[in-house]
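Thanks for coming. I will go through one protein model today and keep to what can be read from its atoms and its record.

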Amino acid sequence: MKIYFLSFILAFAMSFVTTPLVKKLAFAIGAIDVPDDKRRIHTKPIPRLGGLAIFAGTMASLLLLLPKSHETIGIILGSLVIVLLGVLDDKYTLSAKVKLVGQIAAALILILSGIRIDWISNPFGSGVIYLKSWVAISLTLLWVVGVTNTINLIDGLDGLAAGIAFISSTSLFIISLLNGRYATAVISIAIAGASLGFLPYNFNPAKIFMGDTGAMFLGFLLSAISIQGAIKSATAIAIVVPVLVLGVPIFDTLFAIIRRILNKRPIMEADRGHLHHRLLDKGLNQKQVVFILYGVSLVLGVSAILISFVSELKSLVILAVSLLFILWGANKIELLRSNKKGTQTR
């Protein structure tokens with residue numbers, strides 16, 4: 001376990017130490033988030049680019065602790081493309097089309113390096129299902145680009161994206177160990193360390209944001225390691241494991257897409273309909289919302305870990321109990337806020 005401990009500590013220390021330097025850089029180049037619309041929660045300009053510190057911490061662990069395999073090189077090169085794209089967006093605000101092209105390019109680098117969903121477990125029986133080449137490439141592109149954007153979309157409150165990335169990567173670390181994916185485990189725990197090292201500066205009240213640099217980088221890496229560490233597992237229900245691990249950002253993104261389609265709005269158009277916005281509108285403060293979503297992410301992550309090494313029947317029971325628990329919690333919050341509002345009006 002020494003290498004995992006070293007990976008975590010190295011990533012944490014590098015991220016923690018470099019964040020103040022990145023903050024100065026953001027001010028120097030004018031990469032500042034100015035609250036100029038109703039969606040933004042903060043009321044004063046905050047520097048972006050915090051993702052550079054997370055990138056530095058994660059890459060330090062990868063470069064020093066992992067062998068330079070095709071997959072590792074693919075992850076590093078793809079991450080460089082994503083981070084460069086994020087820095088340009090944090091500084092100049094790129095169009096959605098330009099970012100999509102960059103994300104596809106980074107995903108193709110992963111695919112060329114050998115990281116792709118070329119087989120999945122059979123959810124209706126034993127064994128695995130091998131995918132045709134064009135299906136594997138298309139599915140991998142969809143997964144990588146999709147998850148890259150989910151973290152970006154949920155990055156709307158101080159500490160939310162960094163905390164969920166920490167929980168998700170820690171869950172993937174344990175799942176990778178269970179599946180014997182040791183290189184993936186090193187990367188997973190490095191992401192956890194880098195995210196945690198950045199969190200003291202990003203938690204409410206935030207001194208710096210990770211920006212698109214950090215959000216896209218975390219989403220990109222989490223998509224890559226979930227392919228290697230979770231999707232390619234022999235258990236029949238393994239196909240839902242990465243969806244559970246990344247459940248909060250994935251479901252929030254899906255609901256956002258459905259909401260915008262029903263409202264006949266562009267899919268890429270920002271709005272105040274995200275889960276964290278809805279909780280804020282119920283009267284909860286930023287810290288309360290963030291801790292609630294941490295809790296949901298933790299429940300889903302633990303469920304994914306348990307599902308990874310129990311029988312299919314037990315997996316279904318765990319999945320059902322987890323979803324019922326989350327629904328129960330949502331109902332309790334709704335009742336609590338309704339009772340509080342009723343008390344205030346009397």
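**A buried lysine and its partners**

K99 counts as buried, because its relative accessibility is 16%. Buried here means under 20% relative accessible area, exposed means over 50%, and partly exposed is in between, with a 1.4 Å probe and protein chains only. Salt bridges that share partners join K99, D89 and D212 into one network. A salt bridge is a side-chain nitrogen of Lys or Arg within 4 Å of a carboxyl oxygen of Asp or Glu.

Before going on, some housekeeping. This is a predicted model, in which local features need pLDDT of at least 70 and side-chain atom pairs count only at pLDDT 80 or more, while totals for chains, interfaces and linings use all residues. Residues are numbered from 1 along each chain as its sequence is written, and side-chain values use heavy atoms, with hydrogens and water left out.

Side chains of opposite charge can pair when their charged atoms come close. D212 forms a salt bridge with K99, and the closest N and O atoms are 3.1 Å apart. That pair links distant parts of the chain, since D212 is in helix α8 and K99 in helix α4, 113 residues apart. Helices (H or I, at least four residues) and strands (E, at least two) are DSSP runs, numbered from the N terminus. The side chains of D89 and K99 also meet in a salt bridge, at 3.4 Å from N to O. Here helix α3 (residues 70–92) supplies D89 and helix α4 (residues 96–113) supplies K99, ten residues apart. D89 and K99 are both buried.

How many salt bridges does a search of the whole structure find? The search finds three. One of them pairs the side chains of R48 and D33, at 3.5 Å from N to O. R48 lies in the loop between β2 (46–47) and α2 (51–65), and D33 in strand β1 (residues 32–33), so the pair ties together parts that are 15 residues apart in sequence. Both R48 and D33 are buried.

Now the record. Which residues does UniProt list for "binding site"? The unreviewed entry lists N152 and D212. They span 61 residues in sequence, yet no two of their C-alpha atoms are more than 6.4 Å apart, so they gather at one spot. UniProt positions are given in the numbering used here, feature names are shortened, and annotations may be inferred rather than shown by experiment.

N152 sits in helix α5 (residues 133–154) and is buried, with a relative accessible area of 17%. Leaving out residues up to four places away in sequence, N152 touches K99, D212, A215 and M216, where contact means heavy atoms within 4.5 Å. D212 belongs to helix α8 (residues 211–231) and counts as buried because its relative accessibility is 12%. With the same exclusion of residues up to four places away, the contacts of D212 include G86, D89, D90, K99, N152 and F217.

Last, what is on the surface? I174, L178, L298, V302, L306 and F309 form a nonpolar patch there, with about 490 Å² of accessible area together. α6 (160–178) and α12 (286–307) are the elements that give two or more residues to this patch. Patches are made of residues with over 30% relative accessible area and no salt bridge; like charges are joined within 9 Å, nonpolar side chains (Val, Leu, Ile, Met, Phe, Trp, Tyr) within 5 Å. Accessible areas come from the Shrake-Rupley method with a 1.4 Å probe, and for residues only the protein chains shown count as cover. The largest share, three residues, comes from α12. V302 lies in that helix, α12, and counts as partly exposed because its relative accessibility is 39%.
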